[in-house]
Structures are given as structure tokens and as C-alpha cells.
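This report concerns backbone features of a protein structure. Please consult the sequence and the three-dimensional view below while reading.

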Amino acid sequence: MCFKTLPVEFDDRGRATLRGGIPNPYDVTIAKPDVGMDETERRERIERLVARNGHIKDLNMDPVTRIAGALAVHVTADLDKGQYLDSHSQATLFRGYEVILMGRDPRDAIFVSSRACGVCGGVHAHCAAYAIEQAMGIKPPPLGTVVRNMTEAAEMGYDNPLHLYLLAGPDYSESVIRSSNPELWPKAESWACPNVDIHGFRTMAELMTALNPLTGSLYREGLEFTRLSREMVVILTGKYPHPQNVVPGGVSTTLTLQSLNEYHSKLGKIFDYAQRMLAVWDDIPAFFYEADERYQYVGHRPTNHIDPGYWDDPYAYDATYENCNAWGEKRWSTPGVVLDGKLVTTRLTDINIGLEEFVEHSYYEESQTSRFPTDPLGNPISPYHPWNKRTLPMPGARDWKEKYTWSTAPRWDRQVVEAGCYSRLLISALAQKTPTSDFISSTGSSMRLLIPKGERGEREVEWHVPERWNAFERNRGRAYHYLFSQLVGLESLFEAYKLFKQGERKVAALNPEELEKAIPQDERVSVGWWGAGRGWLTHHLVMDKGKITNYQIVTPSTINASPRDPWGQPGPYEEAVMNTPIIEDLSDPAGFTSIDMLRAIRSFDPCMPCTTHAHTGAGEIVREVNTCSCGGD
Amino acid sequence: MADRQTSSPQLAARTPAQELLDALGPITGFHDSSSLGAFGMPSGAMTEDMLASAATATVATRFGPLEKVHAFWFAGMSCDGCSVAVTGATNPSVESMMLGAHPGLPRVILHHPVLNMESGPHYLRPAEEAIEGTLDAPYVVILEGSIADEVVAHASGGYWSATGEEPWGADGELRPVSSTEWVARLAPNAAAMIAIGTCATWGGVPSAAGNPTGAMSLMDFLGKDYRSVLGVPVVNVPGCPPIGDNFTETVAAVLYFLQGFGPLPEFDELGRPAWLFGETVHRRCVRGAYYEEGTFAHEFGDPECLVEIGCWGPVVNCNITSRGAIKGLGGCMNAGGACIGCTMPGFPDKFTPFYKRPPGSLASTTVSRLVGSVIRPLRKFSNDNLNREVRWDRQGASPSAFSREKTEPSALADVGHKFYDKMRRAGDTARNDADVWGKRPDEAPSGGSPRIRS
Ligand code: SF4
Ligand code: SF4
């Protein structure tokens, strides 16, 4: 029984039904989640504090830099108590890719949707291919799936260091620490790094100096490794970030021993680097937790995660919705939902039917329909489910009480869940369903990863489910995910060698003529479940008479940057900011940089092609609070 | 909105940029920088100042008048893929440009949302100065992503794509500022306006049929008469994504010219760097010879020419097959991807549905099949001969164990090869009758070591 809020029950055969006797089961006033504090209470609390306290600032950080895309974060900060009282996450960009896809030939979906994101290249193209394959019933040959896995492992090899060293890393660098946290610097100078023999930095101060933007050695090395992994990707895809090799039913890569060898040679360099990366991102939390235990709460939120799994078993994946629970659980990273630290399901059908997308606070018209009351297996789905939702953009004035973002509010079982590449580690660790491997194993509370020998000796490392999710654990998790993904790349490469040995060369199920004939004329619904550098990715497709009649994309940053939902539950960024203590030096309020909020937000690796608006307005601060955060503006 | 997207620019009295500025009205001021404090400045300094010590050259090694240039990078309706492509560039790399790390390259002060240390209003301060006219060096504007029709969004009180806020609302209220508005306000005094990627150069996918945002290119937005302060129209570096090196090389070429030592970079009639986009991608395609010989891929993954599985290379201006995607590696057709014309003004709608052969290829593939049916056997014939050492011909046998199955050439083939050799050696001056007096007269006639003398 995985649903707490939605009135959905399961029979003995595991099929979902709606609980009887409820006239309008999905009405937002009927199936209500438990909400800690609602919007009115939150606003009243702020007004009470403002009345007593002049140290409250209402700020909009727009744009938040060193993230991908346009995000603004609005905060109300109590500089006296060192708290963020309120926060609004605003995605400030709309492009209408879903709208553009509607009415097109399904063959257009791969290369058009690819352009939804150029940060993690290829993920949308692949996700669209999975959606099309399911709708049209095309099962890729094993080598096609293996090439996809190799591509997408290498893609993570670019994505994770980009975030850790170019985007988030500078927040922990010498240049920031000496300015925003001067009290930490003397400590950093004398703090001996436990992992010195791996990364070579004797003190935390040395490590922090290497994190300095553009000039630091870790920054530069990170940038180089993003390039190396992109070289691995383009050997298979032709270009980056938008691949030119993805086709419905497989790939069009001309695979040769040269491509395998070049991939192999570059991958070899990565494992030594992974050891250094883990050493750095294990030492950083150790230092901060020891320096001030409040850092445990920077970016903290409950352990609520969702992920549809990633990297298929080339023999199990059959592109059907009917068997998705079986092939889903065979993915290298297990699909699942974790609520309050407990794994509640690993079934893709549960993940799918619990999903809803709300637009109360987004610049869209209400758009739910009842076109599909159930999924293709007869499991009930909500009018807010992507198959029933339409994209009706409606730009308008920003108002914290009404609409303030281009992001929507996806929820699962009406709970606020978070997506991240680290969610893959968490769910795989808890589920203990990872495929048999010499390199990757899951223990129920940790992931054991064996780093193969490079120039450095082999080493087994273990990632443990953290006690408390916070900014530091997200970054650490991302470093371990780097290794996890590269091991999947290695396993997939070996699988490609094996298939080559068997004389297997077929990389796509159909040729272009067969593909054209395979386009069905009846109405079909399907979903591509895939992943991005930040975790979760789905494309929900509806097609009829051979053309796309609805297309809905849910990205990880849509989930994480989401605004309030109909019950006033803040989205993950908003919640994480409100839980973040202000630790930076506030002896002079004018020196308030909001670094703690920035660390919290950046730890999610926001990718909006979106903005965090926090503005320091001129003039009387209290007046701004009244007009801005409490009154809407 | 359909009307706004189809009305002819020739008939419009005002450019879309002028229309937007008229709709928004004049601006009165900027953020009150004294009240900003350190908010969004965790390192206490702007990126420019942080890098100054590492990036500043003295007159002696600057090789030209420019010490630094500001580059404002704005993202319109983009996927950030152009930014990502540019971080992959290595000829030159973006970090070396920011550090002025090549002799003669002025320091490029890049204001890029993905790279900069400062956030929020501080991040936008230099752009404000550029509009005010108080910036300390010339600036270029780089636009990634297409321009949304913000006139429509503004009419309903909102925006499609925003970067920051300014006190430009009624009574000096802060309001989100669209990327489009920044571009419109910065264009008149820019040293150059550079569009990167197909969205910014030609509208790209955001402007595809059925789009709700009225997306358009930078040229469409600024109009035919736009000239920068240096008299340059919009420069276009297309590609979806572009090749990172195509962009950094273009910027470097312009800067080297301004420094006085580089040649004037040539741009074609659409503002593309002519040395990069002057050829069709087919001309340097690694599969080009398959086309010539009339052999074509039929399954995805086949090694031959991809035209019949949807390649538009013969009619697309692009250099990816010769330059590679990153560090010389990749390239669409190199890896097996058919060209979908992502660098072209007609992308995507003139290339869809994808995975379908361009109808126009029928004529030329028929011809090349015909020619190929003659050429291929002839080439095979010669190739077989060239795969033999001269010694094997003399001995009448090849010692390769791999070739055990292979029979020796037939008598007829031998005659053919002899005849061919004759033609080849016609005019070979080695056959002239000059006396070779520099070596031993009893040398083995077929070459090799001298005969053992008793
Ligand atoms: S693959 Fe495309 S570009 Fe290459 S030879 Fe064939 S048609 Fe030309
Ligand atoms: S070959 Fe075609 S698809 Fe590939 S980058 Fe060039 S224009 Fe784009």
C-alpha cells in the first residue's frame, strides 16, 4: 500500500483501484496531504515577526548565477535570528516545447524535444525515444540499448564535475570563505585533510584555494574532465549536447572497435579522477560539520525522493507499459519513491499513477481533463496526471499569493518529493535490486562501489544513506553518483564487447521505411521514463491518427523548483531555503550575502534553463516586506 | 499572435525592438547600488576584480590597443546548450579568453550567468553601466536563445523569459526585465551584437511552427538597418548546438583584427563567419566517397552514406565533419547521425519529418548509383593489385596466412594490371636512358640487397 493521500487501493494481484464511495476522489479538497504549516499561518507568522523586529529583509535574488538557466529566489530573511522565514522559487523562462511538439509527426519528437535542455545533452532525446517506442511497440536490439547506456553514463561524467567544480564548488572556495565566513579561514588553515594521500591537499585551506573559480586547480581539472566525458559522448552521438544518433528503436551509431576503444581509453582516466573527487567531497562536509554543526541544516529537507530509474537491462527492456515493473526493476539504478526515508515502491506503474502536476501558482491556465481515467492497464490516474494535463501558457503579473513562476508543481501522492542524481543512489541502496556486478552492489543502507585500478590502485568505497539530507550530502552524493555512473559505463562497454564477440551489430530495430510504416493510426498513450543529470525525467506522449496530440515533459528541476501546491506546501528549493540557518557573519547587516541560501539552492544543481529572485530593494525594509512578501506585488 | 509572426518586416514601420521599447516606455534609473549591500556577493568582489591580477597584460605583451572587452551573455529562449558548447571549446577556450591567456588576446570580461561569482542585482550592475554609458571598456552582447515576442506577454503584465529585475515599473517598482528588453537597450551602443546558436541566429526550435511565444531571431528583432557602433550588422554563429570552437574562434578573430594584427574576418551574406560556413558539410563528409560510389546506408548504424536514411548534408552549410564537435572528435556523420540541418535558417521545419530521405536526393543518388556501378568494380580491381607487394607479383604468391583463401590474380587480371602499369609509368622519368653510374653495375635488377659474390 504505497499511497497515503490519494484514495487508491490495491487488490490481491497488485492492481490499483479507486477507493469506493468517494464522489470526486481527486478533488483537491478531498485528498489532502498533511500540511505542517499552511500559507496563511506562514504569512501571519511573518507579519507578527515584522511587527516586532526590524531586522527582516525581503530580497529577491534574480538572477541566481552558477546554475543552468533562469532561476530567481525570493526570500524573507530575519537577520536577527538568522533564519529564512519565507522563500519563493521562480523559474523565469518559458519556451513552449511541449506546445510546439503537439500536432507533429512522432518522428519529430526526439530531435525537437532534445532542445528542451542543452545542459545534460541527450537525456530528452533518449526520453522521447522511450516514449515513442512504447507508443509504437518497438523494442530496440540489445546493442542499441547498450550504446544508449554508454552514452548516458558518459553524459553524467560531464554533468557531475561541471556542477561540483564550476557551479557549486566556488561556494566553498577560498575566495568565498575568506569573505563570507572569515571565522572559518583560520580553522581551514590548520585543519588537516583526512584524504590528503588521495587528493594531495594537506589542509582544508589548500583544498579551498584549489576550488577558486577559473584559477584553482580543482576548478580547472573539473572543466577538463567535463570535456573528456563529452569526447566519449560525441564518439557515439556525433555532437554534444544534442545527439544526432538517437532513433526510435535504438541508435544510428556506426559502432566499430575504434569507437569502443576510444571510449574505453578515455574511461580509463576517469577512475583515478573519481578517487580524487570522492576524497574532496568527503573532506568538505567533514570540515564544515566539525566547524559548526548548523551546517547540517543548510538546505535540509526530509528524505523524500523520487526517481524512475536509469540505464536499462538490454535484454529485459521490451518497450512495453505492460511489463514495465519487471524491466524497470532491472535498471542499473532502481526506480522508486522514498518518503521520510522509507522506500514505498519500486514499481514504475505506482510511480506513474501517483504523479500529478499542479499550476495554481504557475503562469498557466488550469488545464486538467478527464480524457484518460486510467492508464493502459486500468490503474486509475488523476485529472492532473500528465496524460490528462494540457499546457496552456498565460504570462501574467507576479504575485506571491497567486502566480509567480513558469515552473509547475509536480507532486507524488500529493507529497513534495525531490529529484536528484543522488536519489538514484538512495533508492538503489534501499531497494537492493541492482543487477549483479563486480563493481556495484547495494546493501539496504549503502552502495558499495569498487573502483577499478588505473594508475592508482583499486579501492572499494561505500556511500551510506545520510542521516540528514542537506546541501553537503547532495554534493557528496553527486560525487558518488559520478563514480556509479562511470561504473555503469564500464559494465555497458563490456556488454558491448560481449555482443561484438557474438557478432552482434544491429543497433536499431527498424530502418527508416519500416519506421514510417510502424506509425500507428489509433490513439495511444505512452511514457518515457529516463533520467537527467539532476535525476527524474519523463515524457508523457499521447498520439492519434499518427500524430502527437499531447506531449508533457516533467524534468527534475520542474520538481525541485516547483512553487507552492494547492495546499500551500512549498516546493523543494523553497522548503530547503526555509530550513537553512543563516550562519554567515552578520555583524554588519549590510554585509549579508545570502551565501547559505545560495549553497542550499545550488546543491540541487538547478537546471532551469530558470532563476532564484532574491532582491534587496532600496529604502525602508519593513515597508518592502509589507508590500512584497505579505501583500504580493 | 499569428499575425505578428507572419507580417512582413518590409512593411513594418518599426522593428520589433523599437516596438517593444515603445510599449515598455522610458526607464528612469537603476538599482540604488548603495542599498544593495553585499547581497549576492559571497566573495566580496566582482568576478572581473577577482581575476584582474591573473588576467591583466601590460602594454608590452598586449600587441594592440585593447586591454579588455566586456561581453554580456544573455539567454533568451535557450536551452543553455550554446553555453555548454562554448565551455567545451579549446581553440581558444573560454577560460583562457577570460584570463587573457594568449598573446595579443585582450582580456574578455565575460558576464555569464553560469560562470560568474556574483548573483542578483550586483550581477547586472555592469549591464546597467553599459546602458548608462559609464562602462569602462567597449562591450559586445552575445545572445543565446531566440527572442520572445515580449510585447504580447507585456500586454498581459508578464514575461516569457526574464533576467533580473530593475526599478522600471510604475513609480519605480521593481519588475522582472526580459532578456529581450536587455538586448534592445544594449544594442545601440554595443561594439558588436553576436548571435550564437540557431535559436538566436534564425529562431530555431523555439520559433518552430505552432510556437506560442512568437520567438524570432536577433536579426529579425533588430531589423535590417541595425549597425553596431563599429558599423557591424548582427554576427551569426549558428548550430544547434554550435561547435564551441566556431564561436570562440570567431570572437578571437574579431579581437585580433581590432588589435591590429589579425586580418579582417570575412562574413557571408547572412553574417556567418565565411571561413567556417562557406562549404556544405557533405563536401568534407567522411562518408562522401560512398555517395560518389553510389553505396548507401539502409539500416541505422550502416557505415555508408546516410542520405537515404535522412541526411541533408549536401545542402547544409556546416563544418562539423571536418572540425569535429569537441577537441576534434565526433561530428554527426562521423558517428552515424544523419544531418538534419541544425545550422540552417530553415531548421527545424524545413527538415521534418526526420529520418526520411530528402526528396531532392533521388536524382543525385540515381546518378551516383549509375556511375558507381562502373567506378566501383574498376577501383576494386586496382585496389586488389595495390594490396600486393611487388615481390609477391614476382614470386607469384602471397605469404599472408590471412589470405590463404585468396586465389592469385587470374591471367586476365594480370594482363589488365600490366596494361595499367604501362599507363602509370608513361612519362615516368625513371625510364629515361641516363646511365646510373653511382651504384654497382651488378646490382640485383629487382632491387634489394646485392647478389652475394663468390
Ligand atoms: S552522409 Fe550526408 S553529408 Fe555525408 S556523404 Fe552522405 S549525404 Fe553527404
Ligand atoms: S551536420 Fe547537420 S545536424 Fe550535424 S551539426 Fe551540422 S548542420 Fe547540424
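A:Trp311 lies in the loop that runs between strand S8 (305–307) and helix H12 (324–328) of chain A. Helices (H or I, at least four residues) and strands (E, at least two) are DSSP runs, numbered from the N terminus. The model is predicted: local features need pLDDT of at least 70, side-chain atom pairs count only at pLDDT 80 or more, and totals for chains, interfaces and linings use all residues. Residues are numbered from 1 along each chain as its sequence is written, chains are lettered from A and ligands numbered from 1 in the order in which they are written, and side-chain values use heavy atoms, with hydrogens and water left out.

The loop between S8 and H12 of chain A also holds A:Ala319. Buried here means under 20% relative accessible area, exposed means over 50%, and partly exposed lies in between (1.4 Å probe, protein chains only). The table gives the values for these two residues, neither of which is glycine.

| Residue | Phi | Relative accessible area |
|---|---|---|
| A:Trp311 | near 65 degrees | 0%, buried |
| A:Ala319 | near 65 degrees | 2%, buried |

Cis peptide bonds form the second topic. In chain A, such a bond joins A:Asp62 and A:Pro63, with omega about 0 degrees. A:Pro63 belongs to the loop between strand S3 (56–61) and strand S4 (71–78) of chain A. In chain B, the peptide bond from B:Thr352 to B:Pro353 is cis, and its omega is near -10 degrees. B:Pro353 sits in the loop between helix H17 (332–335) and helix H18 (361–386) of chain B.
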